[in-house]
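Morning, everyone. Please bring up the model, and we will go through it briefly.

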Amino acid sequence: MGLWDKIRDKIMPRRKDETTMEDLRNSGMLDGPNVGGGGGGGTATAQPGQAGQQVDVEQVLEAKLAEKGNPDLNWKSSIVDLMKLLDIDSSLDNRKELATELGYTGDKEGSAEMNIWLHKAVMKKLAENGGKVPAGLAD
């Protein structure tokens, strides 16, 4: 499971009966790493009752912040703080891995540019995967 999958699952947990393209490949039901074009994250089956339902990303993350006693974590603008809030290692190596997963092509040596890009890319992917992301965070 990649870092993007971990982030997504901590904010928008998959249903236990949901099958992903990666699950099908791992079980031998599909051949090749790019079958379905989803890169392992797309769903292979439609989920009844899921259409039109969105997960309120801000509500979920604010609840996690409250559970932790409201630490000084600015998840709305910092990929490091977002990862810390989700109890995911925010080390440079992990951020480089996430950047690679999400298709970042710039310098991966921990620049502010990479971190800003990562945060926006994560928010955009959350929105693409059924998340209701606060205005301006996925732009």
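Predicted model: local features only at pLDDT ≥ 70, side-chain atom pairs only at ≥ 80, totals over all residues.

Counting by the ring-centre rule gives 1 aromatic pair. The partners are Tyr104 and Trp117. Their centres sit 5.0 Å apart, and the planes make an angle of 50°. That makes the pair tilted, because only planes under 30 degrees apart count as stacked and over 60 as edge-to-face.

Where do the two residues sit? Tyr104 is in the loop between helix 5 (92–102) and helix 6 (112–128). Trp117 is in helix 6. They are 13 residues apart, so the pair links distant parts of the chain.

Buried or exposed, for Tyr104? Buried, because its relative accessible area is 7%, under the 20% cut-off. Trp117 comes out at 30% relative accessibility, so Trp117 counts as partly exposed.

Next, the largest nonpolar core. The core has 29 residues, and Leu98, Val122 and Leu126 touch the most other members. Which helices supply at least two residues each? Helix 1 (3–11), helix 3 (57–67), helix 4 (79–85), helix 5 and helix 6. Helix 6 gives the largest share, 6 residues.

Take Leu98. Neighbours within four places in sequence aside, Leu98 contacts Leu3, Trp4, Ile7, Ile79, Leu118 and Val122. As background, nonpolar side chains in soluble globular proteins tend to be buried together.

Last stop, Asn115. This residue lies in helix 6. Asn115 counts as buried because its relative accessibility is 17%. What does Asn115 contact, leaving aside neighbours within four places in sequence? Ile79, Arg95 and Gly110. Ile79 is also on the contact list of Leu98.

Definitions and conventions:
Residues numbered from 1 in each chain as written. Heavy atoms only, no water. Phe/Tyr/Trp six-rings, centres within 6.5 Å; stacked < 30°, edge-to-face > 60°. Helix = DSSP H or I, 4+ residues; strand = E, 2+ residues; numbered from the N terminus. Buried < 20%, exposed > 50% of the residue type's maximum accessible area, 1.4 Å probe, protein only. Core = buried A, V, L, I, M, F, W, Y, C linked by side-chain atoms within 4.5 Å. Contact = heavy atoms within 4.5 Å.
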